[in-house]
Amino acid sequence: MNSPEKQSPASSPLLDLLEDPIVITHSLHILPGQALYEADHPALHYFYVKEGQVRVFQVTGTPQWRLLAIIGPGDWCGSAALAGLPQYGSRAEAVEHVLVKRIDVQTLLPRLCSQAGAAQEMIQLLARKATSAWEEQGRLAHDDVERRVIQALLRFARSAAAGVQDGQIVVRLTHEHLAQAVGAARETVSLLLSDLRRRSLITTGRNRIQFDLDTLQQCAAAPRSMRQAIAP
């Protein structure tokens, strides 16, 4: 199965800055199930993913955490450290063997002030993440649950959890994690996935959901009253 996931770039102003001996970095190998950081850990480091898949959860104090992001090679997490917050406020967990660079923000930030190209790249990176988060919050507030599920599948189709098989997207995700991502009960999400499967919009297997990208995008854009008529 070929993967559409983001590949780690060979070089960029920001990545070049990580090779600066003044910026303190450490390469870390994280085993599956282990955390890069916990919600209550002091926010001291920013993380660059070189290999593997990381899932970031909002820790709510209840068993129902919310899945915020699935990231892979070439992506970053731990922005609470850049914001100067005392704690991360979320948990970043390795899904498979992960290789990351852990960056000390106290040495990174002063160097960014003197490296215009790296600073511009960092600003654009954080602006894209903020814009994506605002859009997601808008969908959670205004979309019905079915559209939220479809939009989440489309979002994860561009993540490290996705691959391509027979011209279709395959997202490796449990019903529980999908429910966490859209803020709904797992039972509700499972029923919606069964309905999408009945309409031949998706096929499912063990921890996998497969679909045609164009068809699901058309379904996401349609009014609720018209979605039943959409077929692959």
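A search of the whole structure finds six aromatic pairs. Rings of Phe, Tyr and Trp (its six-membered ring) pair if their centres lie within 6.5 Å; planes under 30 degrees apart count as stacked, over 60 as edge-to-face and the rest as tilted. This is a predicted model: local features need pLDDT of at least 70, side-chain atom pairs count only at pLDDT 80 or more, and totals for chains, interfaces and linings use all residues. Residues are numbered from 1 along each chain as its sequence is written, and side-chain values use heavy atoms, leaving out hydrogens and water.

**Aromatic pairs**

- Tyr37 and Phe47 form a tilted pair, because their ring centres are 5.5 Å apart and their planes are at 35°.
- Tyr37 lies in strand E2 (residues 35–37) and Phe47 in strand E3 (residues 45–51), so the pair ties together parts ten residues apart in sequence. Strands (E, at least two residues) and helices (H or I, at least four) are DSSP runs, numbered from the N terminus.
- Both Tyr37 and Phe47 are buried, meaning under 20% relative accessible area; exposed is over 50%, and partly exposed is in between (1.4 Å probe, protein chains only).
- Tyr46 and Trp76 are stacked, because their ring centres are 5.2 Å apart and their planes are at 20°.
- Tyr46 sits in strand E3 and Trp76 in strand E6 (residues 76–77), so this pair ties together parts 30 residues apart in sequence.
- Tyr46 and Trp76 are both buried.
- Ring pairs also link Tyr37, Phe47 and Tyr88 into a cluster.

**Nonpolar cores**

- The largest nonpolar core has 34 residues; Phe156, Leu178, Leu193 and Phe211 touch the most other members. Such a core is a set of buried Ala, Val, Leu, Ile, Met, Phe, Trp, Tyr and Cys residues joined through side-chain atoms within 4.5 Å.
- Elements giving two or more residues to this core include helix H5 (145–156), helix H7 (186–198) and strand E12 (208–211).
- H5 gives the most to this core, with six residues.
- Another core, of 33 residues, lies apart from it; Leu36, Ile71, Val100 and Met122 are among its residues.

**Helix H5**

- Ten of the twelve residues of H5 are buried, so-called mostly covered.
- Among the buried residues of H5 are Glu146, Arg148, Leu153 and Phe156.
- The twelve residues of H5 should span 16 Å at 1.5 Å a residue, and its end C-alpha atoms are 16 Å apart, which agrees. The expected span is 1.5 Å times one less than the number of residues.
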